[in-house]
Amino acid sequence: MKNLEIMTTILEKIKEYDRIMLFRHIRNDGDCVGATKGLKRIIQLTWPEKEVYLIDEDLAKYLDFMGPEDEPVADDLYADALGIVLDTASESRISNKKYTLCKELVKIDHHIPLENYGSYIWVEEEKSSACEMVVKFYSAFRDQLKIDSEAATYLYTGMVTDTGRFRYSDVDGDTLRHAAILLDVGVDTETLYARLYLEAFEYLKFKAHIYQKMQITENGVAYIFVDCDMQKEFGLSLEQASAVIGNLDSIRGCICWIAFIETGDEQNTIRVRLRSRFVHINSIAEKYRGGGHASASGATLYGREEIDALLRDADAHVKNYKENNEGWL
Ligand code: AMP
């Protein structure tokens with residue numbers, strides 16, 4: 001099995017340490033929360049005598065049902081602990097900066113590795129989610145590890161959210177086989193989907209507004225700018241405003257779509273969320289202080305002027321793709 005050697009090393013490290021600290025990325029999402037919580041639960045079920053901590057910022061509102069997190073502990077408790085960072089490509093995106101205090105660090109991730117960190121690195125960039133990697137880990141050592149429906153629900157949540165409900169192109173047979181392991185353990189999918197996908201009446205009104213305001217470049221990049229005024233008008237948190245990206249994903253001919261979210265901070269920071277089908281767009285994100293996956297990346301702009309430059313680059317990129325490829329829709 002691919003990567004069995006590094007997975008075995010990680011298992012041995014978990015066995016070796018009495019205390020384990022889990023870490024994830026800033027601006028938490030279903031995958032990094034599901035992966036950290038799922039792995040924590042598996043370790044605790046398997047070795048109840050170990051101390052396992054997940055100390056991090058509050059969960060995004062739509063993930064509240066997975067909380068709460070552990071209370072902070074004294075710094076010296078990190079010193080003889082094993083740190084495991086999940087779903088985080090670069091050190092700057094690790095949310096709890098105390099990871100540097102850990103004795104040794106493991107990285108488990110599925111992002112394109114722009115930069116590596118840690119003594120033990122298990123990266124599979126073709127995997128659909130970090131949660132899937134945790135399930136793969138469980139599955140490889142299932143004769144030694146324990147799981148229950150609580151852990152399965154955390155991990156299934158991350159798999160569902162990071163694959164757009166198993167729609168994205170990185171979903172393969174293994175993804176579904178790993179999801180099947182979790183369903184066999186027990187996941188209440190009706191409740192989970194209701195928690196994740198029901199929308200407030202007011203939010204649907206906002207969506208209607210988005211559809212009025214969205215625009216499209218000459219070669220088919222759909223985009224929307226959610227400025228501070230719009231966020232105020234509809235009473236949106238930054239997180240809710242950022243979720244608009246999902247509303248631009250089904251326009252025929254628009255193989256790339258982008259949301260620009262004004263954060264209203266002093267530097268005039270604009271959060272950019274880029275998505276695509278067929279064409280890869282991570283190179284555009286990397287040019288604008290970002291990165292991510294081939295078809296789902298993020299970037300950071302300072303000032304509205306940079307929006308036009310990014311849109312020009314994205315439009316040229318899409319033009320080039322369309323001219324040189326067939327079969328896109
Ligand atoms: P988002 O639009 O925030 O969901 O991000 C999509 C993907 O790109 C996620 O996997 C993020 O981890 C990654 N990403 C977002 N912003 C950045 C950034 N500034 N630098 C590197 N990766 C990013």
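The peptide bond leading from Gly67 into Pro68 is cis, with omega near -5 degrees. The model is predicted, so local features need pLDDT of at least 70 and side-chain atom pairs pLDDT 80 or more, whereas totals for chains, interfaces and linings use all residues. Residues are numbered from 1 along each chain as its sequence is written, and side-chain values use heavy atoms, without hydrogens or water.

**Five-stranded sheet**

- Strands E2-E1-E3-E4-E5, in that order, make up an open sheet of five strands with parallel pairing (a pair requires at least two DSSP bridges).
- Strand E2 (51-54) and strand E5 (120-123) are the edges; each has a single partner strand, so one side of each lacks a neighbour in the sheet.
- From one strand to the next, the twist averages 15 degrees (axes are lines fitted to C-alpha atoms, for helices over the stretch in contact, and angles run from 0 to 180 degrees between N-to-C directions).
- Strand E1 (residues 19-23) runs parallel to E2 and is joined to it by four bridges; Leu22 has Leu54 of E2 as its bridge partner.
- Helix H1 (residues 4-16) packs on this sheet, where it touches E1, strand E3 (82-86), strand E4 (104-109) and E5, and its direction makes about 130 degrees with that of E5 (contact means heavy atoms within 4.5 Å).
- Helix H2 (residues 30-46) also packs on the sheet, touching E1, E2 and E3, and its direction makes about 170 degrees with that of E2.

**Six-stranded sheet**

- A further open sheet has six strands in the order E6-E7-E8-E9-E11-E10, and its pairing is mixed.
- Its edge strands are strand E6 (215-216) and E10, each of which pairs on one side only.
- Six bridges link strand E7 (residues 221-226) and strand E8 (residues 256-262) in the parallel sense, and Val226 has Ile261 in E8 as its bridge partner.
- Helix H12 (residues 305-324) lies across E7, E8, E9 and E11, and runs at about 170 degrees to E8.

**Ligand surroundings**

- The ligand is surrounded by 13 residues, of which Arg93, His111, Arg271, Arg273 and Arg275 are the closest (a residue is near if one of its heavy atoms lies within 4 Å).
- By class, the shell has one nonpolar, seven polar and five charged residues (Ala, Val, Leu, Ile, Met, Phe, Trp, Tyr, Cys and Pro count as nonpolar, Asp, Glu, Lys and Arg as charged, the others as polar).
- Strand E9 (269-276), strand E10 (291-292) and strand E11 (296-302) each contribute at least two residues to the shell.
- A nitrogen atom of the ligand lies 3.3 Å from a backbone N or O atom of Gly291 (polar contacts are pairs of N or O atoms within 3.5 Å).
- Ligand oxygen atoms lie 3.2 Å from a side-chain N or O atom of His293 and 3.4 Å from a polar backbone atom of Gly298.
- The ligand exposes 470 Å² when taken alone, and the protein buries 83% of that (Shrake-Rupley method, 1.4 Å probe).

**Backbone geometry**

- Arg165 is not a glycine, yet it has a positive phi of about 60 degrees.
- Arg165 belongs to the loop between helix H5 (149-162) and helix H6 (173-185).

Terms used
A polar contact is a pair of N or O atoms within 3.5 Å; within protein, one must be able to donate a hydrogen and the other to accept it, and residues adjacent in sequence count only if both atoms are side-chain atoms.
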